[in-house]
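Let us read this structure together, one feature at a time. Ask as you go.

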Protein chains: 2
Amino acid sequence: MSSSISPLAPEFVPQLQPVPGVTLTTTAAGIRYQGRTDVLVMSFVPGTTVAGVTTRSLCPSAPVEWCRDALKKGKARALVVNSGNANAFTGKNGRAAVKLTAEIAAVKLGCKPGEVFLASTGVIGEPLDATKFEPALTDAAERLVDYPWMDAARAIMTTDTFPKLATAEVLLDDVPVRINGIAKGAGMIAPDMATMLSFVFTDAPIAADVLQKLLSKGVKDTFNAVTVDGDTSTSDTLLLFATGVAEERGAPRIKDVDDPRLKAFRRALFDLLADLAEQVARDGEGARKLLRVHVNGAVSKKSARRIAMSIANSPLVKTAVAGEDANWGRVVMAVGKAGEPADRDLLSISFGDIRVAHEGARDPDYDEAVVSQYMKNLVIDLTVDIGLGRGSDRVLTCDLTKEYITINGDYRS
Amino acid sequence: MSSSISPLAPEFVPQLQPVPGVTLTTTAAGIRYQGRTDVLVMSFVPGTTVAGVTTRSLCPSAPVEWCRDALKKGKARALVVNSGNANAFTGKNGRAAVKLTAEIAAVKLGCKPGEVFLASTGVIGEPLDATKFEPALTDAAERLVDYPWMDAARAIMTTDTFPKLATAEVLLDDVPVRINGIAKGAGMIAPDMATMLSFVFTDAPIAADVLQKLLSKGVKDTFNAVTVDGDTSTSDTLLLFATGVAEERGAPRIKDVDDPRLKAFRRALFDLLADLAEQVARDGEGARKLLRVHVNGAVSKKSARRIAMSIANSPLVKTAVAGEDANWGRVVMAVGKAGEPADRDLLSISFGDIRVAHEGARDPDYDEAVVSQYMKNLVIDLTVDIGLGRGSDRVLTCDLTKEYITINGDYRS
């Protein structure tokens, strides 16, 4: 955890109410950090369904491989997350550590190992001593309660400067259900998919395959539209758990993703994912400004996404934003290197509502003083109109500051 | 120009001898900088052939478009380069400025506008006042001499901390010919092609189409294997001029790229391009360390290149090198996100001769003290063995430091 909170942290932290069927606790296993919690343990009632999206890295962590396997059955009874060590690139020992952790959790929580979901975040390449989970989980299993969501969000932090939580209450066929989500991000953040870890919980009774479809669609414009540094983690994991307990209060069991009763739930879920993803961008390592890159007029949405990502990942664009410099020339550069259809002489570029460039040249009405004033804002909207088609998209990122270098030059040592 | 020279600057600066058929001078047109030269003017004898490689950016600068047109004829009589303003994203005015500059140069140097090659480097998006070239070129045309190569290399610098020069003398069928090259780099450096500007000159009599083949092949493992920040400039230009004057001394005129008499020349040219490209990497903005990324055992050379570039462009790898941290976990991350065939459990990673990871886990003989000592070096060799095939490649980059942020947060203002 960093010593100072990002200036981009949300003004209010939501107070999360319990999700029926979910109990949780946190504990300090001393895996890497001292004097703070580093393990989150959650327990779900029998019948809980689960869906997940994991990193597209071809070198995934051992817990990611475990989750991929476990997701095939779509059933969950427990979630164990540790911070401080990612258990990635740890070879056979890493796989053994994952198996042992799941076995310990299964005994303590009374379920099968294959119903235990695992995630680890922190240093890569260091062996994880899973025996530390034995006392930690023994202790945790006796302290499971339904309220400490803030503690849960805190236990999974690494270089995050604030805990990330979001919540929603929504009607499922007239029955109120809850969705709670937590996330951690900070660095090594780039899509496919995006944040290192995020967990979402609901008491809605929704079949696993429906959950999966909702989640796969939901990440596209939320977690997958966020980048901090273009670096994709080996550990990216987003899991969505549905306890189904709301069925007791009359909520219908949803077995078809096109069920019209899902409409409000789907929207609330997507909004919640978007909220958490934005919090991740706002807490990018060293971030001092949130940059929203809007691309319009591309030949397709896919093309707009690629151009937006090229801009959002450009170190020169990001350092310019850090320097409060409306350097549209670097934006042109980033459009040009994206490799997507673009015609320099049709481009328009705006910061906020201020158009700085039009038809391939500086806007005739350009006033440096006005745009410089705008660049002092904490949230910067950069809009590029490609002028070729109707494809548009939006990507969130942050600026690139000296603080990012400090954090990442010293992280391991 | 930066105030302090990169610690990675070459220990010796070569003393360039004249290239018969080439005269040059530098002048101060006051385009942006005060108190330094900012225009390089070169004149070539009639019969000079030319080849070139320019940026793959889809939003190229006006001078790049001009060069692409002029290259079609393969004939050159003059080169005019200015620093301080890139004349990129300047619309119709930019094209008019380029045309006017070529026309002024043609009058002053006694040739056709289409035989004048142009390059501009500096700020993007600002109009370039080409009328400033009128007095500058009048003055310059009267002062052309054959020796001030160091001045030439200095006049084209922007944020470079040292001038980049290279030279070679080589036999073309028993007749000695010379190759001189200059370059400027520093930021916005990524392949397709690579450095912003580089110019190479020889007195060898070589047909334009042969020059072009040599150059296109030559850039692949030299300029195109260098990256500073993954950002591809709109202005990247590499030109190779051959005056042919050595023919007077009996050198054969080369009309076929497979001519066996080209062998030594080809090798010398490639070595010279590699030398200049390495100087560009050594002078990456804020660079304190040169990082050579070697990838072996990939499924193909192309795949090895993509993996090497993914590593070389990863901000997390580059900040780790800046922090003298042999963070192989981040190397695994970068391999994983490259999207190329790789199997985590077959990877080996070495810093220098020290193997830190093997078969997907930390090397059993890993000694942090030894590798930490190695990381203090100015030049770091990082070798990744993918373990799948025989494809190998090498890419040069530098570390990512706070100085990069300082330079690029303040560049325009």
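Q: Is Asp393(B) buried or exposed?
A: Buried means under 20% relative accessible area, exposed over 50%, and partly exposed in between (1.4 Å probe, protein chains only). Asp393(B) has 10% relative accessibility, so it counts as buried. This is a predicted model, in which local features need pLDDT of at least 70, side-chain atom pairs count only at pLDDT 80 or more, and totals for chains, interfaces and linings use all residues. Residues are numbered from 1 along each chain as its sequence is written, chains are lettered from A and ligands numbered from 1 in the order in which they are written, and side-chain values use heavy atoms, with hydrogens and water left out.

Q: Which side chain meets Asp393(B) in a salt bridge?
A: A salt bridge is a side-chain nitrogen of Lys or Arg within 4 Å of a carboxyl oxygen of Asp or Glu. Here the partner of Asp393(B) is Lys301(B), at 3.1 Å from N to O. Lys301(B) is partly exposed, with a relative accessible area of 40%.

Q: What does this pair tie together?
A: Helices (H or I, at least four residues) and strands (E, at least two) are DSSP runs, numbered from the N terminus. Asp393(B) lies in strand β15 of chain B, and Lys301(B) lies in helix α7 (residues 301-312) of chain B. The pair therefore ties together parts that are 92 residues apart in sequence.

Q: Which residues do salt bridges with shared partners join into one network?
A: Glu65(A), Arg95(A), Arg344(B) and Asp345(B). Over all chains, the whole structure has 52 salt bridges.

Q: Where do Lys99(A) and Glu103(A) lie?
A: Both are in helix α2 of chain A, four residues apart, about one turn of the helix. Lys99(A) is partly exposed at 46% relative accessibility. Glu103(A) is also partly exposed, at 31%.

Q: How many residues of chain A are in contact with chain B?
A: Contact means heavy atoms within 4.5 Å. By that rule, 64 residues of chain A are in contact with 64 residues of chain B. Buried area is the accessible area (1.4 Å probe) that two parts lose on being put together, summed over both. For chains A and B it is about 5100 Å², with 58% of it on carbon and sulfur atoms.

Q: How many salt bridges are there between chain A and chain B?
A: Six. In one salt bridge, Glu126(A) meets Arg362(B) at 3.0 Å, N to O. On the side of chain A that touches chain B, α9(A) gives the largest share, eight residues.

Q: What covers the buried residues of α11(B)?
A: The cover includes α8, α9 and α11 of chain A. The buried residues of helix α11 (residues 402-409) of chain B are Tyr404(B), Ile405(B), Ile407(B), Asn408(B) and Gly409(B).

Q: How do strands of a sheet pair?
A: They pair through backbone hydrogen bonds, either parallel or antiparallel. Two strands count as paired if DSSP finds at least two bridges between them. In chain B, six strands form an open sheet in the order β13-β12-β11-β14-β10-β15, and the pairing is mixed. The edge strands are β13 (361-362) and β15 (391-398) of chain B, and each pairs on one side only. Strand β10 (residues 290-298) of chain B pairs with β15(B) in the antiparallel sense, over seven bridges. Leu291(B) stands opposite Thr397(B) in β15(B).

Q: Why is strand β7 of chain B largely enclosed by the rest of the structure?
A: Nine of the 10 residues of β7(B) (residues 175-184) are buried, so the rest of the structure largely encloses this strand. Strand β6 (residues 164-172) of chain B runs antiparallel to β7(B), and nine bridges join them. These two strands form a hairpin with two residues between them. In the turn, Asp173(B) has a positive phi of about 50°. Six bridges join β7(B) to strand β8 (residues 197-202) of chain B, again antiparallel.
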